[in-house]
Structure formats: C-alpha cells, structure tokens
Amino acid sequence: MRKEKFKILLSTLSIVALLLFAVGCTNENEGLTSGKAQIQFKLTDAPSLDYAKVVIDIQGVKVGVADEYYEDDNDPFYDDTDELDEVEWVTLNISNPGLYNLLDYRNGEMIALAGGEIPAGKISQVRLLLGPDSYVETKDGTEYPLKTPSAQTSGLKFNLHETLLADMMYSFVIDFDAARSVVATGNNKYILKPVIRTYAEAWGATLRGFVLPPEANAFVQITKATDTLISLPEEDGKFLFPGIDEGTWKVEFIADTATEYTNFVMESVPVVKGEIKDVGTVTLVK
C-alpha cells in the first residue's frame, strides 16, 4: 500500500517538475520567439540657405510591414482584399510630439524621434503624421504657415525597403532636405513637399572636414551623378555628411559672394562604405 502511494506521489512530483520546466523554458525563450524587432528613428537635416527656420509639426510615426516590398498604396502588391498581401501599420511611440525645427539638426546632429516594437518582416513605407502648426521663418524673421498638400492627409509618406529580423534592434535616420522640401508658391504661401532620404544609422560612408575662415561664410556642397547634398559649417568651420553612398564625390567650398573669397573645388574625393573620409581643413583666400 505504501509502495502504491509512493509511486503515485512520485508520478505527481514528476509531472509537476515537467510542468515547471516547461514554464521556465517558455519564459526564458519568450523574447526569442516573439517574432518582434525593435526599431527607432532619428531626425536630421540637410540645411536650407533660404530660411531661418523650417518647423515641422510631427505628431506620430507609422511603419508599414508586409510579406513583400511595395512602393506605395497603389502598388499592385497592395491589395486589401488579399489577406496575405495586407499591410500591417504599426504606430511607434514618439518621444516628444510637436514642433521640430529641422535647421537645429545638421552636421551629424540628430534627435531621437520615435521607436518601439514591430513585427519582424519587410518594411516598405514610413508615414509621419503631421499636425496643423508647421511653419517657415524667413531670413527677415517673418513666420508663414507651411501647408501640407491634401493628398498627404494619411501621413507624409516615404519609402524605406528593409528586412527586419526578430530579436534585433534597428536604428534609421530620417534626413530632410529642408532646402528642397519647402516650395514658395507666391503671395507668401509655402507648401511642404518633402525631399527625404532615409538610411540605417550604421550604414554608408561619412565625409567630413573644416572650411575656414569664418569670414568667408561658406557652405559645402557635394555631388555625385544626380545626388546633391549641402552642409552649413559650424562656427569653427566643421562640416559633416553622414550616411552617404560609396563612390567618388565632387566637393565644393562655396563662399558668400559678398565676402570676395574664392571658391575651392575637390573634383574627385573617394569615400568607402563604413569608413570616414576626412578632407582636412580647406582655407579659402581672396
């Protein structure tokens, strides 16, 4: 009798132990089987020579996840009637919804914009949800509303084709080109038609250097094929172009014409992915 009770007790303890082991394994591997990735977006700017401020009212960020890449809502792949093709829109946590002056973030300066957990898979499109308070400030200090075309009521859209793996962390940079993103239509009216490039934070090449003297009030422009980027140097002359394509770039140091300093050009500057190309200090002369 005692042997039978002992066998029952032993069997019960064995079952309990197996259950506890299974629960423990589930908890231990929960983060490894969730099918989720972590994503964050940072904001930076290619500066404008025409405005004192370009302020965007950003209220939210959404990312579209699907089983295949697509270009936009009209892409043949995007079909609401096909469950396999349906895009899942994930709303990220935005750090500080509200006004962002794009011209505050240049020469490598960035600000964390949004982030969160997202299903692993292919992302093709990001949407910035904008509020009504965007504006530009001209060089004379006057502010004007910056209108968003009605076609962008569902969000300011831009493409980003990346595959996110589960249990990985991804960081992307949203680089506005403020100079080309604001269109003056006359009668002091301005429309936001965004020109944006987006890149992984650890991706691409970097080109940097210094341009002197400060009295030249110069800006730096780099071009490769149809790509043109501009940097306004800091007070000490520092300029930086992060996340640019590998290849050979033309680098121009362009002085303010009122200063009578002479421009300088580097015709062929090679940059390599994952490396920093330092062109040193360029001193302009009259």
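Biologist: Hi! How many helices and strands does the protein chain have?
Modeller: Hello! In this predicted model, the protein chain has two helices and 21 strands.

Biologist: And what share of the residues is buried?
Modeller: Of the 286 residues in the protein chain, 40% are buried.

Biologist: What about contacts between residues at least 6 apart in sequence, how many of those join residues at least 24 apart?
Modeller: That comes to 75% of them.

Biologist: How does the lining of the largest pocket split by class?
Modeller: There are 14 nonpolar residues in that lining, along with five charged and three polar ones.

Biologist: And the second largest pocket, how much space is in there?
Modeller: About 260 Å³. Its lining has 18 residues, with Arg180, Arg197, Asp227, Thr228 and Leu229 the closest to the centre.

Biologist: Which elements give two or more residues to the lining of the second largest pocket?
Modeller: Those are β11 (169-177), β14 (196-200), β17 (227-231) and β18 (238-244).

Biologist: And by class, how do the residues of that lining divide?
Modeller: For the second largest pocket, nine are nonpolar, six are charged and three are polar.

Biologist: Switching topic: how many aromatic pairs are there?
Modeller: The count is six aromatic pairs. Take Tyr51 and Tyr190: their ring centres are 5.9 Å apart and their planes meet at 85°, so this pair is edge-to-face.

Biologist: Where in the chain do Tyr51 and Tyr190 sit?
Modeller: In distant parts of the chain, which the pair links. Tyr51 belongs to strand β2 (residues 51-66) and Tyr190 to strand β13 (residues 189-192), 139 residues apart.

Biologist: Is Tyr51 buried or exposed?
Modeller: Tyr51 has 9% relative accessibility, so it counts as buried. The cut-off for buried is under 20%. Tyr190, at 10% relative accessibility, also counts as buried.

Biologist: Nice. Which residues do ring pairs link into a cluster?
Modeller: Four phenylalanines: Phe239, Phe241, Phe253 and Phe264.

Biologist: Last one: what lies over the face of Trp89?
Modeller: That would be Arg127, at 3.9 Å from the ring centre.

Conventions:
Residues are numbered from 1 along each chain as its sequence is written. This is a predicted model: local features need pLDDT of at least 70, side-chain atom pairs count only at pLDDT 80 or more; totals for chains, interfaces and linings use all residues. Side-chain values use heavy atoms; hydrogens and water are left out. Ala, Val, Leu, Ile, Met, Phe, Trp, Tyr, Cys and Pro count as nonpolar, Asp, Glu, Lys and Arg as charged, and the others, Gly among them, as polar. On a 1 Å grid over the protein atoms alone, a cavity is a set of points where a 1.4 Å probe fits but cannot get out, and a pocket is an open set with protein on both sides within 12 Å along at least five of seven lines; lining residues have an atom within 4 Å of a point. Grid points are joined across faces, edges and corners, and a volume is the space filled by probe spheres set on the points. Helices (H or I, at least four residues) and strands (E, at least two) are DSSP runs, numbered from the N terminus. Rings of Phe, Tyr and Trp (its six-membered ring) pair if their centres lie within 6.5 Å; planes under 30 degrees apart count as stacked, over 60 as edge-to-face and the rest as tilted. Buried means under 20% relative accessible area, exposed over 50%, partly exposed in between (1.4 Å probe, protein chains only). A charge sits over a ring if NZ of Lys or CZ of Arg is within 6 Å of the ring centre and within 35 degrees of the ring normal. Contact means heavy atoms within 4.5 Å.
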